[in-house]
Amino acid sequence: MPNDARVIPLRPAKEPLWRDVVGEVLRGERLAQERTLKDVADAARISMPYLSELERGRKEASSEVLAAAAHALGLSLTDVLSLAQGRLTGLHPRVRPARASYQGDVRLAA
């Protein structure tokens, strides 16, 4: 008799928070450049404790602060967002939802 039992997880896998992923990107880039928190915070004109909180995913950065941190690392805001998107894609491969396309007034399933 085959065993038809299956394991059902108690809770679904949690998607990472955007602030955690962005923080990982900032920290990874800073460490790859062998720079200190103080050096990057000074260059970005933000406090060292605040940059540390961003890197640890404790704070959600405004676009202005995120751009300042990116530029302090020699990156653009687009670079940081692209790297974060790449990490998210690697963690959770995209499942393409069914999309509908429109042709004139008639809705067609894609």
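Predicted model: local features only at pLDDT ≥ 70, side-chain atom pairs only at ≥ 80, totals over all residues.
Residues are numbered from 1 along each chain as its sequence is written, and side-chain values use heavy atoms, with hydrogens and water left out.

Helix α2 spans residues 37-44 and α4 spans residues 63-72.

Which residues of α2 and α4 meet? From α2 come V40, A43 and A44. From α4 come A68, A69 and A72. By class, this contact has 6 nonpolar residues, no polar and no charged ones.

## The whole chain

The protein has 5 helices and 2 strands (DSSP runs numbered from the N terminus: H or I of at least four residues for helices, E of at least two for strands). From the N terminus on, the order is α-α-α-α-α-β-β.

The protein has 110 residues, and 23% of them count as buried (under 20% relative accessible area; exposed is over 50% and partly exposed lies in between, with a 1.4 Å probe and protein chains only). Take the contacts between residues at least 6 apart in sequence: 57% of them join residues at least 24 apart (contact means heavy atoms within 4.5 Å).

## The buried side of α3

Helix α3 covers residues 48-55. Its buried residues are L51, S52, L54 and E55. They cover an arc of only 160° around the axis, so they sit on the same side of α3 (the arc is that of the directions from the helix axis to the C-beta atoms). What covers these buried residues includes α1, α2 and α4.

Two of these residues can be followed in detail. E55 lies in α3. Is E55 buried or exposed? Its relative accessibility is 5%, so E55 counts as buried. Residues up to four places away in sequence aside, E55 touches G23, E24, L26, R27, R30 and L37.

S52 is also found in helix α3. S52 counts as buried because its relative accessibility is 14%. With neighbours within four places in sequence left out, S52 is in contact with R27 and L37.

Most residues other than glycine have a negative phi. Where does E34 lie? E34 is in the loop between α1 (18-32) and α2. E34 is not a glycine, yet its phi is positive, near 55°. E34 counts as exposed because its relative accessibility is 75%.

R45 sits in the loop between α2 and α3. Its phi is positive too, at about 60°, although R45 is not a glycine. At 77% relative accessibility, R45 is classed as exposed.

Technical notes. Axes fitted to C-alpha atoms, helices over the stretch in contact; angles between N-to-C directions. Nonpolar A, V, L, I, M, F, W, Y, C, P; charged D, E, K, R; others polar.
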